[in-house]
Amino acid sequence: MSDGNGSAAGNLTQPGLPETGALPKRRHIVLTSHSNRSGLKGNPVQWGHGDPLQRGAIVATVTDPNHRNAIGTHSGSYAVYRALAVASGVLDPDHRPDFTNTSPAIPIGPHPSWADPEKIVSLDPFGALVGDVYRDKIAEGLDIRPTIAVTRAHIQMPELLEAVRQGRIKEDGEIVKPGGDLVVTKAAVEPVWYLPGVAQRLGVSEDELRYALFEQTGGMFPELVTRFDVKVFLPPIGGITVYIVGDPDAITDPARPLAVRVHDECNGSDVFGSDICTCRPYLVHGLEECIATAQQGGAGLIIYFRKEGRALGEVTKFLVYNARKRQEGGDRADAYFARTECVAGVQDVRFQELMPDVLHWLGVTRIDRFVSMSDMKYNALVRSGIEIVERVPIPDDLVPPDARVEIEAKKAAGYYTDKVAPTEEDLAQVKGRGLE
Ligand SMILES: [Zn+2]
């Protein structure tokens, strides 16, 4: 191979790999792992300070390492696609966004929880307001980016249109338009973790958390274990979408009711209507509850987390489906959790301990109708100081026959039910379809 650098680049060619040709001329790489050299030199963040200027802007962009004061970068897992765009030459790595007309469609906050370093540890409460509160700093050249965006939308879902047709949902002209469009406000929220706070929620030391994050990502972020002075981390994971139904002011008004569904992503059911679980039916039921509560003068919230397959991912999920359906005796409710644990080593890694943060960002202190049967979600919310008045299980007639295995296993494991929880013997009788 040709070697324009005159070095031992030829040694890089490994057996079985194509020759790489001449090494490209590289830009100077700035290692970010040493505080006394370069990178991550920005002002430290005073997490939980109620004044955003005192708290300090979170600077996680890579355009100027000298101003960075956080580990990781924006856009969660999509940061990797941005890297591909830079690598392939279609994106200028120094591009600065033009934020004209991008400000939130409605104001949210500030709420007292924003000034409490323990109430919110996994998102930046000022994330939607950076263009406003840090206007001067951005004008001075600091590359500060929003981690939350708030917009408006109309939703058309077949089940909701059918509910309008059947008269269960009324067209009021404002929340539900003539023809069945549901009007919502929606917010996209990127994760921003305050590492000491996240460690505290999980009941581990900050050191243990940092080493596990570093090692289990294949050493992706060296600053986790070299820059203990930098406390904020933007992890490369999916975020949250909030759907607000009705008047947003009702969310924090104690005189008005609030319905909430906290929903963890299940692409197979949510989008494609797969019948092995209750995810989409329960999501739609949650929306119906939100509409009913909003039409009574309150508001409804769907909080949608990108935590596919109990945050174990879809590959693990599909492996578990096969293991469930091929096991001796077929897919059975009494072996539901055991099959997940066989494949993944654990039943669930959603860590609901971090989930309440988004509700505290919205200023929620009481939920009148909580549309979820999960004891983990319920306990996390109550422990975080949110009152839950009533829990709303999924109506029986919305459970697809093949999803009985899941819902009965969950009820036996402690999920909320307004009936008697099934026994081990009951569970052994609940069977699902084979792999046909
Ligand atoms: Zn599902």
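## Strand β8 and its partners

Strands β7 and β8 run parallel and are joined by seven bridges, and in this predicted model the bridge partner of valine 262 in β8 is isoleucine 303. Strand β6 (residues 240–246) also pairs with β8, here in the antiparallel sense and again over seven bridges, with tyrosine 243 having isoleucine 302 of β8 as its bridge partner. Strands of a sheet pair through backbone hydrogen bonds, and the pairing may be parallel or antiparallel.

How many of the seven residues of strand β8 (residues 299–305) are buried? Seven of the seven are, so the strand is largely enclosed by the rest of the structure. Both faces of β8 are covered, with Ala299, Leu301, Ile303 and Phe305 buried on one side, and Gly300, Ile302 and Tyr304 buried on the other.

## The zinc site

The protein donors of the zinc ion are the SG atoms of Cys266, Cys277 and Cys279, which lie 2.2 to 2.3 Å from the ion. Along the chain, these donors follow the spacing C-x10-C-x1-C. Distant parts of the chain are linked by the pair of cysteine 266, in the loop between β7 (258–264) and α9 (267–270), and cysteine 279, in helix α10 (residues 279–295), the two being 13 residues apart. Cysteine 266 and cysteine 279 are both buried.

## Salt bridges

The count of salt bridges in the model comes to 30. One of them joins arginine 145 to aspartate 143, with 2.9 Å between the closest N and O atoms, and both of these residues are buried. Arginine 350 forms a salt bridge with aspartate 348, where the closest N and O atoms are 2.6 Å apart, and here too arginine 350 and aspartate 348 are buried.

Aspartate 334 and arginine 332 meet through their side chains in a salt bridge with an N to O distance of 2.9 Å. Is aspartate 334 buried or partly exposed? Its relative accessibility is 28%, and aspartate 334 therefore counts as partly exposed, given that buried means under 20% and exposed over 50%. Elsewhere, a network of salt bridges links Asp275, Arg324, Lys325, Asp331, Asp402 and Arg433.

## The surroundings of valine 346

Valine 346 is placed in the loop between α13 (336–344) and α14 (356–361), and with a relative accessible area of 30% this residue is partly exposed. Apart from residues up to four places away in sequence, valine 346 touches Leu312, Thr340 and Glu341.

Isoleucine 302 belongs to the covered faces of β8, where it is buried together with Gly300 and Tyr304 on one side of the strand.

Note on methods
Residues are numbered from 1 along each chain as its sequence is written. This is a predicted model: local features need pLDDT of at least 70, side-chain atom pairs count only at pLDDT 80 or more; totals for chains, interfaces and linings use all residues. Side-chain values use heavy atoms; hydrogens and water are left out. Helices (H or I, at least four residues) and strands (E, at least two) are DSSP runs, numbered from the N terminus. Buried means under 20% relative accessible area, exposed over 50%, partly exposed in between (1.4 Å probe, protein chains only). Contact means heavy atoms within 4.5 Å. Donors are N, O and S atoms within 2.8 Å of the metal (3.2 Å for Na, K and Ca); water is not among the atoms, so sites may look incomplete. A salt bridge is a side-chain nitrogen of Lys or Arg within 4 Å of a carboxyl oxygen of Asp or Glu. Two strands pair if DSSP finds at least two bridges between them.
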